[in-house]
Every structure is written in structure tokens, then in C-alpha cells.
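Here is a short tour of a predicted model, written to be read with the structure open beside it. Please have a viewer ready.

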Protein chains: 2
Amino acid sequence: MPVVHVVVLAGGVGGARFLSGLRAAVGANDRITAIVNTGDDLTLHGLRICPDLDTVMYTLGGGIDSERGWGRIGETWTVMAELAAYDAEPDWFSLGDRDLATHLIRTRMLDAGFSLSAVTAALCTRWQPGIILLPMSNQRVETHVVVDTGDGVRAIHFQEWWVRHRAELPAREFVQVGVSDAQPAAGVLEALTGADVLLLAPSNPVVSIDTILGVPGLRDAVHNCPAPVVGLSPIVGGAPVRGMADKCLPAVGVPTSAEGVARHYGARHDGGVLDGWLVHSDDTADVPGVRVNAVPLLMTDPAATAAMATAALTLAEECRRSA
Amino acid sequence: MPVVHVVVLAGGVGGARFLSGLRAAVGANDRITAIVNTGDDLTLHGLRICPDLDTVMYTLGGGIDSERGWGRIGETWTVMAELAAYDAEPDWFSLGDRDLATHLIRTRMLDAGFSLSAVTAALCTRWQPGIILLPMSNQRVETHVVVDTGDGVRAIHFQEWWVRHRAELPAREFVQVGVSDAQPAAGVLEALTGADVLLLAPSNPVVSIDTILGVPGLRDAVHNCPAPVVGLSPIVGGAPVRGMADKCLPAVGVPTSAEGVARHYGARHDGGVLDGWLVHSDDTADVPGVRVNAVPLLMTDPAATAAMATAALTLAEECRRSA
């Protein structure tokens with residue numbers, strides 16, 4: 001069997017789960033590169049936190065709390081309780097003790113001048129995720145959400161909207177602060193150019209996948225990449241499988257449906273990024289120029305997730321043959 | 001009763017215990033100011049750590065592990081274990097989870113441009129130690145220890161010598177790195193000028209009290225202060241009550257005895273700092289110009305510690321009357 005290089009654009013919890021299924025589905029010598037959203041990253045209490053990178057790293061490295069989907073298994077919250085005892089703000093972001101060591105090391109390395117790519121590689125020497133884990137960009141690109149707080153319209157950090165307000169303040173707009181000065185991180189364009197298959201994980205289309213595609217040069221690289229591009233729908237039966245994509249899609253005028261998201265991504269021959277689109281068994285999507293298959297997409301257990309990854313690879317192969 | 005202002009030069013564990021006894025011994029309206037050694041301070045994993053200030057703050061604020069004498073009661077070590085799992089160096093300094101929150105806040109405030117005085121005051125709004133807690137200096141003054149490692153002579157940070165090597169490498173010399181550029185912190189000289197009684201806590205004479213006195217201007221301010229100056233011997237029966245002063249005194253040519261330490265501090269009329277010297281019941285000290293009393297100095301419980309503080313105040317009063 002020839003070695004296949006599968007490249008995946010991914011966000012946090014859903015992306016991480018999908019990647020673990022994909023790792024189980026590919027051949028032993030195949031290679032997976034994940035290009036991960038960093039738009040959710042934030043600095044709290046002087047610590048640089050990269051929620052999506054860490055969720056992928058912990059999930060593939062066996063350190064995740066798989067019940068919760070994020071954070072470390074066996075986590076404790078002592079430092080956070082102490083910060084609260086000092087009335088240190090903000091207090092709404094869960095900062096676990098185990099997790100905090102990762103942030104301490106990351107912050108020190110960044111302060112010392114290392115890139116986020118280099119930091120991620122260094123952290124992965126411990127976690128051995130079995131894939132190549134790349135941040136989408138080494139520059140700071142922060143997703144802010146324009147909301148009406150009742151006291152007026154303002155932009156807040158995505159995490160404040162997502163975690164503190166549980167996405168209950170209607171989002172008017174998503175803004176990628178800093179994106180115009182950003183570039184794809186080391187290895188990202190090379191991975192897209194060298195991919196045999198390119199997958200869009202069933203992550204949040206607006207604040208994960210679109211954020212990655214928003215890094216200058218990245219959408220073009222996906223559009224022009226030599227590999228078939230297959231996306232997996234994060235919407236099943238008109239609702240997100242996990243997360244709160246339904247709170248994000250209206251702000252960009254996209255219906256919360258498998259077809260709505262596929263049309264939003266667009267067919268490659270229409271200037272979009274998709275050749276294939278995988279929807280859940282009972283869903284449909286009709287997008288000219290996009291080949292659609294339907295299989296179970298619920299990631300209920302590792303076997304189901306691996307089967308779904310296999311279905312994505314199969315659809316990619318069908319796209320390649322029909323091209 | 002008139003309000004009395006008692007000023008104390010203090011190090012960590014011994015100083016903190018003595019201060020809690022003193023707080024119990026003085027009148028309700030009396031005021032205590034502690035000028036605390038910062039020569040042991042260090043930066044680890046990007047966190048600024050002030051062991052002596054924190055030991056005093058936690059002890060007087062009810063947060064200390066009184067069994068151990070340092071660190072927080074109910075402490076856990078999760079972050080430290082995780083840092084070790086990343087092979088992050090150094091791994092020999094005990095960094096508790098509860099304690100770490102203090103360091104995070106301190107580090108952020110220092111990075112934001114606040115002085116160590118201001119940071120200490122901010123942390124004390126939580127701990128309410130009931131005394132005024134001042135760092136000796138806001139500049140970085142680090143005690144380094146010249147040792148022969150077997151591979152040659154080199155200077156290592158005091159904490160590396162004390163904690164990692166348990167003071168087992170013979171100390172040739174103690175060096176206060178940065179001291180020539182340091183000044184007494186805000187409030188220190190004012191406290192010395194306005195003191196009614198000045199006490200030297202039974203702390204390590206070399207790496208706590210001498211370090212404080214080494215800050216430019218501080219020894220002169222003690223020598224010239226209007227109040228009687230009384231020291232408490234940290235040496236009982238030829239050995240330190242706690243800590244490892246016996247590993248430090250030989251490097252400065254001072255015998256490990258109550259009298260040896262008193263002669264090292266010197267009588268005020270001979271250019272030194274002492275008017276009175278309190279030794280343990282069975283000890284003696286003969287230092288011309290220094291009034292000596294003997295009482296139990298073991299700080300075995302709060303009542304014993306308060307009695308010892310009362311004896312120090314009494315000796316100060318005797319010094320004042322005989323002046």
C-alpha cells in the first residue's frame with residue numbers, strides 16, 4: 001500500500017474526536033496532519049491558552065477527560081479556586097491544575113521567542129499524538145463576537161461569549177482580530193500542497209473551519225490543492241452534534257442544516273472548497289458539483305468514529321476517480 | 001497606653017513564627033511593621049516566587065502549613081507533577097498548587113509595572129496579616145552561594161543550595177547579586193526612623209538579617225534609629241533552632257553560638273546594630289555594650305512564642321531606660 005498523507009482542518013472537541021477515529025482508520029504507515037484553529041486562544045492570568053490545540057493533543061495523547069470532551073482526565077481546580085479567593089478576574093474560564101502546567105510551559109517558550117508551532121511540537125514530545133499537529137498560524141488571530149449586551153453593542157472575546165455567556169447573547173458578527181497580519185504557520189501550506197486527501201472535520205463551520213480558512217493564503221491553498229477535499233457535516237438533523245454551531249450560523253446567514261453548511265463552504269468548481277460532503281444517514285444535501293454520501297456521523301464510540309473517517313476517505317477516493 | 005510601633009527585621013519560617021507571637025504580645029492598638037528578606041526570591045517556570053514574604057503572609061493570615069512551617073495548609077502538587085511529566089527544569093523546588101496562584105498574581109502585577117511593595121500590599125488584602133508587611137527592597141537582590149561542586153567553584157542561587165543540595169555543599173561565600181543597585185523599599189526607612197522598638201527576629205543571621213542590612217542605607221538606618229534595637233538569638237545551645245544557620249555562619253567566620261552571632265551583629269556604640277540580645281535560658285553571651293537577657297527561645301507553641309516576644313519588648317524597654 002502506498003503511504004497516504006491525510007490533511008485535516010479541525011477545531012476542538014469534534015475535531016479531536018474525528019482525528020482519533022481517523023488515526024484508527026488509516027494504514028500504519030499513512031500520515032495525518034491536523035491544521036488546527038487558534039482563533040479561540042486567549043491569555044488569562046498571564047498564561048497563553050490554546051483550547052483547540054490542547055484538546056486535540058490531549059485527546060490523541062490519552063490525556064483528555066473524554067466524558068467532558070475537553071481538559072485533562074483526573075483534573076483538579078485548586079489554582080483556580082485560589083485565584084478566585086484573591087478576587088482575580090476573570091473567573092469564568094475553567095483553568096485546571098493539570099492543564100495549567102501546559103500553559104506555563106507554552107507561555108515561557110513563547111516569551112522566550114519560540115513560535116507557537118515550535119511550542120506545539122515541544123509539547124507533543126510528551127503527548128505523542130501520532131499525527132503532525134500544526135497551529136493554523138503563529139500570529140495572534142482572535143475571534144471576537146459582536147453582541148448586544150443590553151448596555152450597547154460591543155465585541156467580546158469568543159471565549160467570553162462561549163464560556164461566560166454560554167452563547168446566549170445573540171451573535172451579530174464574528175471578527176478575526178489580527179487576521180490581516182497573519183500567515184499560515186510553518187508547514188501548513190506545504191501540507192496542503194502535499195496532501196493526498198484533505199478533510200474538513202465536523203467542527204464549527206464559523207468559528208473553527210472558517211477561522212482557519214480566513215488566514216490569508218489558506219483558503220486559496222485549499223481551493224487549489226491537488227487532493228480531493230471532503231467535508232463532514234457538523235449538523236445532524238438540523239442541530240449541531242455538539243457545541244453551539246446553531247448560535248453561530250445565523251450570524252453569517254447560513255441555515256443550520258447539512259446542506260446549508262455545504263453551500264456555505266461551496267463547491268470547488270464554483271470557487272469554494274468542497275469536492276465531497278458527508279452527511280448523516282437521514283440527512284440530504286443538494287449542492288451542484290459536490291458529491292454527497294450519507295453515513296452515521298454521531299461519533300458515539302471509537303468504532304463508529306473510525307467508520308465515519310473511513311467513509312470520508314472512501315468519498316475522497318470517489319471524488320478523485322470521478323474528477 | 002500609648003501606641004507603640006514595633007519594627008522587625010525578619011526572614012521566613014522563624015521570622016514568621018516570631019511575628020505571630022509578637023502580634024499576640026503587643027497591645028491591640030500597637031503597630032507592627034515587618035521588613036522581610038527578599039534575597040531568597042527566585043523566578044521558576046516564569047513565576048516570581050518570594051518565599052520569605054509568603055511564609056510571613058501565610059503564617060499571619062492563617063494559611064500556612066504550620067507542621068511544615070512553609071507553604072499552604074492542605075497543599076497539593078498537581079502542577080508540579082505535570083511540569084515534571086514535561087521534563088521541565090528545575091524540578092527540585094516545591095511548587096504547590098495553592099501557592100502557585102499567589103505567584104501567578106504577583107508575576108502579572110510585576111509584569112504590569114507594579115512594585116513588589118504594591119504587590120505585597122495587594123496580596124495582603126486577602127490575607128489580612130494584621131501587620132504591615134514590607135519587602136526589604138523593590139529591586140532584585142539575590143543571594144548566591146559560592147560552592148565547590150567537585151567540578152569546580154561556582155555560584156548558585158541560594159534556593160538551589162538550600163533546597164536542592166540541602167546546604168550540604170560547603171558554602172565558601174554568600175554574594176548579594178544586584179545589591180549595589182538596590183534601595184530600601186517604600187516605607188522601610190520611614191519605619192526605621194519612626195520605630196519605638198526595633199527587633200531582629202531569630203532568623204538566619206547570614207542569609208536573612210545580613211541580607212536585609214546589606215541593602216544600601218539600611219544598616220546605617222538601623223544603626224542610627226532612635227529606638228532601642230534588640231535581637232533574638234537563632235542559636236540555642238550551639239545549634240540553630242530551625243533552618244541551617246550552622247551551614248552559613250562558618251562562611252562568614254562566625255561561631256555557631258548565641259555570643260558569636262551577637263558579636264557579629266555588633267554593639268551599636270561600636271558601630272554595630274545591637275543594644276540588647278536575648279538568648280535562650282541556658283545560653284550566655286558577653287558582648288561589651290550589649291545588654292543580655294536569657295529566657296526560653298524555642299517557639300514551641302503560640303504562648304511560648306508570645307512570652308518570648310514580650311521578653312524582647314521588656315529588654316528593649318530596659319535598654320531605653322539605661323540609655
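Residues are numbered from 1 along each chain as its sequence is written, while chains are lettered from A and ligands numbered from 1 in the order in which they are written.

**The helix pair in chain B**

The axes of helix α1 (residues 13–25) and helix α2 (residues 51–61) of chain B come within 9 Å and cross at roughly 35°. Axes here are lines fitted to C-alpha atoms, for helices over the stretch in contact, with angles from 0 to 180 degrees between N-to-C directions. Helices (H or I, at least four residues) and strands (E, at least two) are DSSP runs, numbered from the N terminus. On the α1(B) side, the contact includes B:Ala16, B:Leu19 and B:Arg23; α2(B) contributes residues including B:Asp52, B:Val56 and B:Leu60. Two residues are in contact if their C-beta atoms, placed from the backbone, lie within 7 Å.

**How the two chains meet**

The contact takes 20 residues from chain A and 20 residues from chain B. On the chain A side, α3 (78–85) and α4 (97–111) each supply at least two residues, and α4(A) gives the largest share, nine residues. The copies meet through the same surface, because 100% of the interface residues of chain A are also interface residues in chain B.

**Domains of chain A**

Chain A is divided into domain 1 (5–64 + 108–138 + 180–322) and domain 2 (142–178), with bounds that come from an automatic or database domain assignment. Their centres, taken over C-alpha atoms, are separated by 23 Å. Here 14 residues of domain 1 are in contact with 12 residues of domain 2. On the domain 1 side, α8(A) provides the largest share, three residues.

| Contact | Residues by class |
|---|---|
| Side of chain A that touches chain B | nine nonpolar, five polar, six charged residues |
| α1(B) with α2(B) | five nonpolar, four polar, three charged residues |
| Side of domain 1 of chain A that touches domain 2 of chain A | seven nonpolar, three polar, four charged residues |

**The sheet of chain A**

Seven strands form an open, parallel sheet in the order β5-β2-β1-β9-β10-β13-β14 (chain A); strands pair if DSSP finds at least two bridges between them. The edge strands are β5 (132–135) and β14 (291–295) of chain A, each pairing on one side only. Neighbouring strands of this sheet are turned by 20° against each other on average, direction ignored.

Strand β2 (residues 31–36) of chain A pairs with β5(A) over four bridges in the parallel sense, and A:Thr33 stands opposite A:Ile132 in β5(A). Helix α11 (residues 258–265) of chain A packs on the sheet, touching β9 (197–200), β10 (229–232) and β13 (276–280) of chain A. The direction of α11 of chain A makes about 165° with that of β13(A).

Technical notes
Predicted model: local features only at pLDDT ≥ 70, side-chain atom pairs only at ≥ 80, totals over all residues. Nonpolar A, V, L, I, M, F, W, Y, C, P; charged D, E, K, R; others polar.
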